[in-house]
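Reader: I am new to this structure. Could you show me how to read it, feature by feature?

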Amino acid sequence: MTPRKSRLVPQERRIDRINWMEFAEIVPRRTSTLLLPVGTLEAHGVTSLGTDNEIPRRLSEAIAERLNALVAPPIPYGVTAHLGALAGGTHIPAPAFTEYAAAVVTALAHQGFQNMVLMNGHGGNTESLKEAARRARKYG
C-alpha cells in the first residue's frame, strides 16, 4: 500500500466533481494541464443531438490520466450555422461564442492552468476557438 502516492495523483479528474479544497491542492502543484471539451447541439441523423459534446468529453476523460490532466465541464453550445435551423439544433453567433470561449479559457488560466487543450467536437467552432485561444493568451 502506498498512501503517499495516492495523495499525489488525483483520483477524480473532472473538475466539476471535486471541491474547492481539492482543486487548490491539485492545481497547479500536481497538474497545470486542462482538457476542455467543446461541442454543440445539432442534428446527426439517428444519433443524439449531443454527439458533438459526448465525443470530446469522453475522449478527454479517457486520456486525462495519461496526460496528468484535469477535465473541465464542456462548453455545450457552438457555432452551428445552417444546422441550427433543424429541430433541436442550437446556433451561437461566432462573435458571441468567441467572446465566451475566450472568457472561459482566461478564467481557467487564472485558476492556475498553464496548458489547455480545447477538445473540439464540432468543426463549426474551429475558427472561433482559434481566436478565443489567441485572445486568452494575449489578455490572460
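Author: We start with the whole chain and then turn to single residues. Keep in mind that this is a predicted model.

Reader: How many helices and strands does the protein chain have?

Author: Begin with the count. The protein chain has five helices and three strands. Then take their order. Along the sequence the pattern reads α-α-β-α-β-α-β-α.

Reader: What share of the residues is buried?

Author: A residue counts as buried when its relative accessible area is under 20%. In this protein chain, 37% of the 140 residues are buried. The accessible surface comes to about 8,300 Å². Carbon and sulfur atoms account for 58% of that surface.

Reader: Which share of the contacts joins residues at least 24 apart?

Author: Set aside pairs close in sequence. Among contacts between residues at least 6 apart in sequence, 71% join residues at least 24 apart.

Reader: Now the backbone. Which residues does a cis peptide bond join?

Author: First the general idea. Most peptide bonds are trans. Now the case here. Val 27 and Pro 28 are joined by a cis peptide bond, with omega at about -5°. Pro 28 sits in the loop between helix H2 (20-26) and strand S1 (33-38).

Reader: What is phi of Asn 68?

Author: Again, the general idea comes first. Most residues other than glycine have a negative phi. Asn 68 has a positive phi, near 50°, and is not glycine. Look for Asn 68 in the loop between helix H3 (51-67) and strand S2 (70-71). Its relative accessibility is 29%, so Asn 68 counts as partly exposed.

Reader: Next, salt bridges. How many are there?

Author: The test is a distance. A side-chain nitrogen of Lys or Arg must lie within 4 Å of a carboxyl oxygen of Asp or Glu. By this rule there are ten salt bridges.

Reader: Which side chain meets that of Arg 29 in a salt bridge?

Author: The partner is Glu 25, with N to O at 3.8 Å. Arg 29 has a relative accessible area of 60%, so Arg 29 is exposed. Glu 25, at 36%, is partly exposed.

Reader: What about Arg 57? Where do Glu 54 and Arg 57 lie?

Author: Both lie in helix H3, three residues apart, which is about one turn of the helix. Glu 54 and Arg 57 form a salt bridge, with the closest N and O atoms 2.6 Å apart. Both are partly exposed: Glu 54 has a relative accessible area of 29%, and Arg 57 has one of 24%.

Reader: How many residues apart are Glu 61 and Arg 57?

Author: Four, again about one turn, and both residues lie in helix H3. Glu 61 also forms a salt bridge with Arg 57, the closest N and O atoms being 3.0 Å apart. Glu 61 is partly exposed, at 31% relative accessible area.

Reader: Which residues do salt bridges that share partners join into one network?

Author: Follow the shared partners from one bridge to the next. The network joins Glu 54, Arg 57, Arg 58 and Glu 61.

Methods:
Residues numbered from 1 in each chain as written. Predicted model: local features only at pLDDT ≥ 70, side-chain atom pairs only at ≥ 80, totals over all residues. Heavy atoms only, no water. Helix = DSSP H or I, 4+ residues; strand = E, 2+ residues; numbered from the N terminus. Buried < 20%, exposed > 50% of the residue type's maximum accessible area, 1.4 Å probe, protein only. Contact = heavy atoms within 4.5 Å. Areas by Shrake-Rupley, 256 points an atom, 1.4 Å probe, with all protein chains shown as cover.
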